[in-house]
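The following report is meant for a reader who meets this structure here for the first time. It takes up a pocket, then salt bridges, then a surface patch and some features of the backbone.

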Amino acid sequence: MIERIIMIDSADPVGFYGVNNANMLLLRNLFPKLRIAARGAVIKVIGEDGETAEFERYVKQLEEYTVRHNTLTEEAILDIVKGDGPREIKKDSVIIYGVSGRPIQGRTPNQQRLVEEFTANDLTFALGPAGTGKTYIAIALAVRALKNKEVRKIILSRPAVEAGEKLGFLPGDMKDKIDPYLQPLYDALEDMIPPVKLREYMESKVIQIAPLAFMRGRTLNDAVIVLDEAQNTTTHQIKMFLTRLGMNAKMIVTGDVTQIDLPRTTSSGLIEALRVLRDVKGIGRVEFGKKDIVRHALVQRIVEAYERADKEHHPADTPPADHPAE
């Protein structure tokens, strides 16, 4: 009889053990000759050497499954331990699996094209109206790269530009004032990474979320860097951001040039960057449209209504320079 120590170092232990330790109870039933105890990220198993080694092999397979799918079900355990392996969803478009095990994938041709452009280029621009999933897919791609150990960190950024509200009137210190601007990025991450693991990543700075101004002076290596709401950057800001790109790093820049919140006297850095970089090799560009909107059906009708109103206020013969959606 030997005691074998198995570490659950990749998966979230809460998801691995299951509600009320249901998964561990099932494993004990599947390996009745072994004495199994689990606490935190450590599983201790006592039994014959061959059986404990086999148990460890299955535990590691189950851990890999949990990391990929963000969940571990009774069906998956039985498939891995008793069958020929888990039955995978046969969809090439799956990027990662959300915290509930739901597949996150390119649901429209342009979303799938963003996946392809990200793979082929180190810098990709994703442009389009609200609700097209450009930011969500960008963050999913970043999480996939981190899970696959292609990079060591994720850096998400947004310009802290006021859209009618005044930053100074928000309560709290600087972090409290800035966080509301970054909340959409937190929301996406919470869909994709279990809470305990996400907190660990944030505390260890494996995942960093910061306003654009905090990027100055940094060289970002071994990372996926996402700049969201880039239409609200100035020319100097976006140039500063783009030149942060380091070795083994990829950038995705998302924006909607119809929703610029900068003062009228300030040109959008995103529009300028698209013009300056249009012929540079190694840069991908995906333009989303109304057909890519994957939010509530009403969102598409709202976007269309504003487009009609915009055309009425800005006839084609006198197009506005940088503020098409004032």
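## The second largest pocket

The residues that line the second largest pocket comprise 17 nonpolar, 7 polar and 9 charged ones, where Ala, Val, Leu, Ile, Met, Phe, Trp, Tyr, Cys and Pro count as nonpolar, Asp, Glu, Lys and Arg as charged, and the others, Gly among them, as polar. The volume of this pocket is about 690 Å³, a volume being the space filled by probe spheres set on grid points that are joined across faces, edges and corners. Among the 33 lining residues, Thr-66, Val-67, Arg-68, Asn-70 and Lys-147 are the closest to the centre of the second largest pocket. Two or more lining residues come from each of helix H1 (13-17), helix H3 (49-69), strand E4 (94-97), helix H6 (134-147) and helix H8 (195-203); helices (H or I, at least four residues) and strands (E, at least two) are DSSP runs, numbered from the N terminus.

A pocket is defined on a 1 Å grid over the protein atoms alone, as an open set of points where a 1.4 Å probe fits, with protein on both sides within 12 Å along at least five of seven lines, and lining residues have an atom within 4 Å of a point. Rolling a probe the size of a water molecule over the atoms shows where empty space is left.

## Basis of the model

The model is predicted, and for that reason local features need pLDDT of at least 70 and side-chain atom pairs count only at pLDDT 80 or more, while totals for chains, interfaces and linings use all residues. Residues are numbered from 1 along each chain as its sequence is written, and side-chain values use heavy atoms, with hydrogens and water left out.

## Salt bridges

In the whole structure, 12 salt bridges are found, a salt bridge being a side-chain nitrogen of Lys or Arg within 4 Å of a carboxyl oxygen of Asp or Glu. One of them joins Glu-56 to Arg-4, with 3.3 Å between the closest N and O atoms. Because Glu-56 lies in helix H3 and Arg-4 in strand E1 (residues 2-7), this pair ties together parts that are 52 residues apart in sequence. Glu-56 is partly exposed at 23% relative accessibility, whereas Arg-4 is buried at 19%; buried means under 20% relative accessible area, exposed over 50%, and partly exposed in between (1.4 Å probe, protein chains only). Arg-4 and Glu-56 also belong, with Asp-49, to a network of salt bridges.

Another salt bridge is formed by the side chains of Asp-9 and Lys-60, at 4.0 Å from N to O, and this pair links distant parts of the chain, with Asp-9 in the loop between E1 and H1 and Lys-60 in helix H3, 51 residues apart. Asp-9 is exposed at 51% relative accessibility, and Lys-60 is partly exposed at 27%. Glu-200 and Lys-197 form a salt bridge as well, their closest N and O atoms being 3.5 Å apart, but both of these residues lie in helix H8, 3 residues apart, which is about one turn of the helix. Glu-200 is partly exposed, at 41% relative accessible area, while Lys-197 is buried at 12% relative accessibility.

## A nonpolar surface patch

On the surface, Leu-298, Ile-302 and Tyr-306 form a nonpolar patch with about 330 Å² of accessible area together. Patches are made of residues with over 30% relative accessible area and no salt bridge, with like charges joined within 9 Å and nonpolar side chains (Val, Leu, Ile, Met, Phe, Trp, Tyr) within 5 Å; accessible areas come from the Shrake-Rupley method with a 1.4 Å probe, and for residues only the protein chains shown count as cover. Leu-298 lies in helix H11 (residues 297-313) and is partly exposed, with a relative accessible area of 40%.

## Backbone features

Most residues other than glycine have a negative phi. Asn-21, in the loop between H1 and helix H2 (22-30), has a positive phi near 60 degrees, and Lys-149, in the loop between H6 and strand E7 (153-158), has a positive phi of about 60 degrees. Asn-21 is partly exposed, at 41% relative accessible area, and Lys-149 is exposed, at 70%.

Val-226, in strand E9 (residues 223-227), is buried at 1% relative accessibility; Val-226 and Ser-157 are 69 residues apart in sequence and 6.2 Å apart in space, C-alpha to C-alpha.
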